[in-house]
Amino acid sequence: MSRAGDVSRAGLDGRLGGQAGGGDPASAPCGECAPAERAAPGAGGRWLVAPGVELLGEYSGSGFKENPYLVRRADGRMVQVSRLLYHVLVLLADDTRSTQAVALAASWNWGRRLGVADVDFLARSKLLPVGLVLEGSADRAGELLQQGPPAAAAPGVLFALRHKVTLLGRKRVRFLAWLLSPWFTPAMVVAVLGCLGFGEAWLFGQGHALYLGVHDLLANPVLVLATFAILVASGGLHELGHAAACRYGGADPGAIGIGLYLVWPVFFSDVTSSYALSRRSRVRVDLGGVYFNCLGVLATLGAYQAWHAPFLLIAALVQEAAALQQLMPVLRLDGYYLVADLAGVPDLYARIGPVLASLRFWSPAPRRAAELCVRARAIIVAWVAVAVPIMLGGLGIFVASLPRVAPETATSVGGHAELAYHAMLAGHPALSAVSALDVVVLMLPIAGVSLGLARTGRLAGRLALRGAGSLVGGPSRRSAQVPT
Ligand SMILES: [Zn+2]
């Protein structure tokens, strides 16, 4: 699953969001948000909502003391804005209004005077830098809206999905998601989980058939390729599960594709629009992928009943292992998004420092922790207690074993590469393909962890140069652009 783009923030870090009394931007005196020396736009000047910007509404069930509002840019990046900025955007979206008319309507809605200079200040200093508005004159409005969205600085994300290629376009995914969404009706969920429980109990009683399955796989490379194909299909089904859950909740999913996560090729589905759903629906989207993997497991067990091919039992177990791995609350796996949605905080990693710093009772909590409700902070602390030991422990074991594992891996890679070559020459394409697959599978973990460590080191170096304060929740800067 992927929530395309990262949640940036506009307006919440500035003076408008930092007012006393709950931080309601509406309580900001207008004189403060638009000092006298700040000039209003010239005659005929106006602000336009950038093309492709979608106003998604309130981030309901969030872990913030005050729910922020969400806006999606044309490039899929999400931006978190304050209530005032969101309503200014709603007014600006009506492109028949002049800035003066927007200021008047906003003043009427907010019960406080908002001048043209205030609207200009909000648009120029908060909305323009994150690419949500365009500046132009009334007569150039049509021309500006024909142009693409404005460029806005994209934050560097350490473990982002890169080199993404679309496999199924938005329209096709929406149709398939609509077709598959009935699987999420409560009766179907109960029936599927009941069948899965029955299937699991049956599967673990099949000791001899499982042994035969392993035996067949070791003896026949074609079956290894077939198992690999089933696993790939299960990955596609997983993404359709996220998309169908998104549709069932009432939001339209985006494209499904494949990308590189460090060095691992992974499928993704764009369910960014699920941010606009209720917390319950977002959790359904998080679990939708694994739920559809359960359907895949049941289908594989059904195929075994029809054809009695023991390797299918192993294929079912491999799918289950892949699904369980997705539930780990680390990196950007589904388990991570599940915790993020339960907490109602889209940027868990960026909150670790501030939330831990807020546990020091002798000093005031950093703003990025103080703006969260107690429940969200408790979930983040519990998540850190589980996820950080898993990640650091796993990494530590890997690095410690590297001096022993690396030479063995190199020997093994050489052996498999040689086998792939000779099998191809001897006219055994299946054996050659399996050996080539082995080479890739052996090399990926070392290449992936090395790249991850290199990127982490580079980022740590950059942060060290800036000063370590930001790591433990120092004053927020543009680092408030947060990965999700
Ligand atoms: Zn997933």
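Angles under 35 degrees count as roughly parallel, over 145 as roughly antiparallel, 65 to 115 as roughly perpendicular and the rest as oblique. Axes are lines fitted to C-alpha atoms, for helices over the stretch in contact, and angles run from 0 to 180 degrees between N-to-C directions. The model is predicted: local features need pLDDT of at least 70, side-chain atom pairs count only at pLDDT 80 or more, and totals for chains, interfaces and linings use all residues. Residue numbers start from 1 along each chain as its sequence is written.

The axes of H12 and H15 cross at roughly 155° and come within 8 Å. H12 and H15 are therefore roughly antiparallel to each other. Val-339, Leu-342 and Ala-343 represent H12 where the two helices meet. On the H15 side stand Ala-376, Ile-379, Ile-380 and Trp-383. Here contact requires C-beta atoms, placed from the backbone, within 7 Å. Helices (H or I, at least four residues) and strands (E, at least two) are DSSP runs, numbered from the N terminus.

Helix H13 spans residues 348–357. Its buried residues are Leu-348, Ala-350, Arg-351, Ile-352, Pro-354 and Val-355. A residue is buried if 20 or more other C-beta atoms lie within 10 Å of its own, exposed if 12 or fewer, and partly exposed in between, with C-beta atoms placed from the backbone. The cover over the buried residues of H13 includes helix H12 (334–343), helix H14 (367–370) and helix H15 (374–425).

The chain as a whole holds 16 helices and 9 strands. It has 484 residues, of which 37% count as buried. Contacts between residues at least 6 apart in sequence join residues at least 24 apart in 71% of cases.

The largest nonpolar core has 75 residues. Such a core is a set of buried Ala, Val, Leu, Ile, Met, Phe, Trp, Tyr and Cys residues joined through C-beta atoms within 7 Å. Val-88, Leu-89, Leu-92, Leu-132 and Val-133 touch the most other members. Domain 1 (7–146) and domain 2 (158–327) both give residues to this core, so it lies between them. The domain bounds come from an automatic or database domain assignment. Another core, of 17 residues, lies apart from the largest one, and includes Val-355, Leu-372, Ile-379 and Ile-380. Beyond its neighbours within four places in sequence, Val-88 contacts Val-102, Ala-106, Val-119 and Leu-122.

Three strands form an open sheet in the order E7-E8-E9, with antiparallel pairing. Two strands pair if DSSP finds at least two bridges between them. Strand E7 (161–168) and strand E9 (264–269) stand at the edges, each with a single partner strand, so one side of each is left without a neighbour in the sheet. On average, neighbouring strands of this sheet are turned by 30° against each other, direction ignored. Strand E8 (residues 256–261) is joined to E9 by 6 bridges, and the two run antiparallel. Tyr-261 has Trp-264 of E9 as its bridge partner.

Helix H9 (residues 221–249) lies across E8 and E9 and runs at about 30° to E9. Helix H6 (residues 170–180) also meets H9: their axes come within 8 Å and cross at roughly 75°. That makes H6 roughly perpendicular to H9. H6 contributes Val-173, Arg-174, Leu-176, Ala-177, Trp-178 and Leu-180 to the contact. H9 contributes Leu-240, Ala-243, Ala-244, Cys-246 and Arg-247.

Strands E4 and E5 form a hairpin with 5 residues between them. Gly-76 in the turn has a positive phi of about 90°. Strand E4 (residues 69–72) pairs with E5 in the antiparallel sense over 4 bridges. Leu-70 has Gln-80 of E5 as its bridge partner. In a regular strand the side chains alternate between the two faces of the sheet. Both faces of strand E5 (residues 78–81) are covered. Met-78 and Gln-80 on one side and Val-79 and Val-81 on the other are all buried.

Two individual residues complete the description. Val-192 belongs to helix H7 (residues 186–203). With 17 C-beta neighbours inside 10 Å, Val-192 counts as partly exposed. Leaving aside neighbours within four places in sequence, Val-192 is in contact with Cys-294 and Leu-295. The C-alpha atoms of Val-192 and Leu-298 are separated by 8.5 Å, though the two residues are 106 apart along the chain. His-308 sits in the loop between helix H10 (279–307) and helix H11 (311–326). His-308 is exposed, with 10 other C-beta atoms within 10 Å. Although not a glycine, His-308 has a positive phi of about 55°. Most residues other than glycine have a negative phi.
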